[in-house]
Amino acid sequence: VRLVRHTLYSLTLIAGVIALMFGVRATPFNSLMTDDHDDNRRVERSSSERGDRRRNPRNQDFDPAGIVAAAGTLVPQAAIVAGVAVLEGKRRRKKTEAIRQATNGDPQ
Amino acid sequence: MTQVAQRHQPVRRLVRFDFWLDVVLLIAFTLDFNLEFTGIAAHEWLGAAFTVALVVHLVSHWEWVVKTTGKLRQKYPNKEKLRWAVDLTVLILMTWTMASGFIISVRALPALGFTGSTEGFFRNLHSFGADVSVIAIAFHVALSWAWIKSVGRRILRRNATAPLTSGQS
């Protein structure tokens, strides 16, 4: 029962976020996301010319060489994870040191 | 229970499931993000599977969502508040990316008998959402890194020492 309830709540939240997306579409923010108002003309235009990944014919089929690009995605992610880990380590050391000083050398 | 004793506790099945689901989600997102690698058809079907997995991920953490949301106005660790904000950002970005991905689908939707939209708003939102998600997900992982490291170590250590005939699931 709890699982069903949690699933319903989660789906409701997701539906709300999707509704928010359509809400944004109905506001002036729409123009920030749309760089060409004539969508029909946009489709006809060459994709590689615009650099649109989805319309690029080279991306229509599986390309094993693309694994390099996929691995490349992990680089900035790994850098962020490492950066946060370093900051977290520093914060923890500072906290331990503060406790050590407050307890006269016993780090607890 | 001390930290040392906790390290030697067997990992609960739900936690194990959660850990592997997270690993699969991260790999699936990384592959799906790179359209050059997957091609458009695999990109869309993988995205559809990813949507289901993401809902399961949200459902499995629903209690944390409710608990943390309820405590936001109280005295609560800043790290947890930051994590809540990052997770909300990831939820919004991923939901918009996937919803717009379904709307602009050129292979999956037509295969099911529907026609995708070519509206610029959805196409740009899909690209923008995916690009920002890469960064947001990295922060999402980073803020849970202690949990990932701890559970990962326990699972791998247990698998390494468990006899092959133990029949662990």
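How many salt bridges are there between chain B and chain A? The count is three, where a salt bridge means a side-chain nitrogen of Lys or Arg within 4 Å of a carboxyl oxygen of Asp or Glu.

## Before you look

This is a predicted model, so local features need pLDDT of at least 70 and side-chain atom pairs count only at pLDDT 80 or more, while totals for chains, interfaces and linings use all residues. Residues are numbered from 1 along each chain as its sequence is written, chains are lettered from A and ligands numbered from 1 in the order in which they are written, and side-chain values use heavy atoms, with hydrogens and water left out.

## Where the chains meet

Chain B brings 50 residues to the contact and chain A brings 47 residues; contact here means heavy atoms within 4.5 Å. Together they bury about 4,600 Å², with 67% of that from carbon and sulfur atoms. Buried area is the accessible area (1.4 Å probe) that two parts lose on being put together, summed over both. On the chain B side, F37(B), F121(B) and R123(B) supply 16% of the area buried against chain A, more than any other three residues.

One salt bridge to look for joins the side chains of E88(A) and K79(B), at 3.4 Å from N to O.

## The second largest pocket

E88(A) and K79(B) turn up again in the lining of the second largest pocket, along with V84(A), L87(A), R91(A), L82(B) and L143(B). A pocket is an open set of points on a 1 Å grid over the protein atoms alone, where a 1.4 Å probe fits, with protein on both sides within 12 Å along at least five of seven lines; lining residues have an atom within 4 Å of a point. Helix α5(A) gives the largest share of this lining, four residues. Helices are DSSP runs (H or I, at least four residues), numbered from the N terminus.

The space in this pocket comes to about 160 Å³, a volume being the space filled by probe spheres set on the grid points, which are joined across faces, edges and corners.

S133(B) sits in helix α8 (residues 120–143) of chain B. With 1% relative accessibility, S133(B) counts as buried, which means under 20% relative accessible area (1.4 Å probe, protein chains only). Leaving out residues up to four places away in sequence, S133(B) touches F29(B), L93(B), M94(B) and T97(B).

A136(B) is in helix α8 too, and is buried at 10% relative accessibility. Its contacts beyond four places in sequence are V86(B), V90(B) and L93(B).

Definitions and conventions:
Helices (H or I, at least four residues) and strands (E, at least two) are DSSP runs, numbered from the N terminus. Buried means under 20% relative accessible area, exposed over 50%, partly exposed in between (1.4 Å probe, protein chains only).
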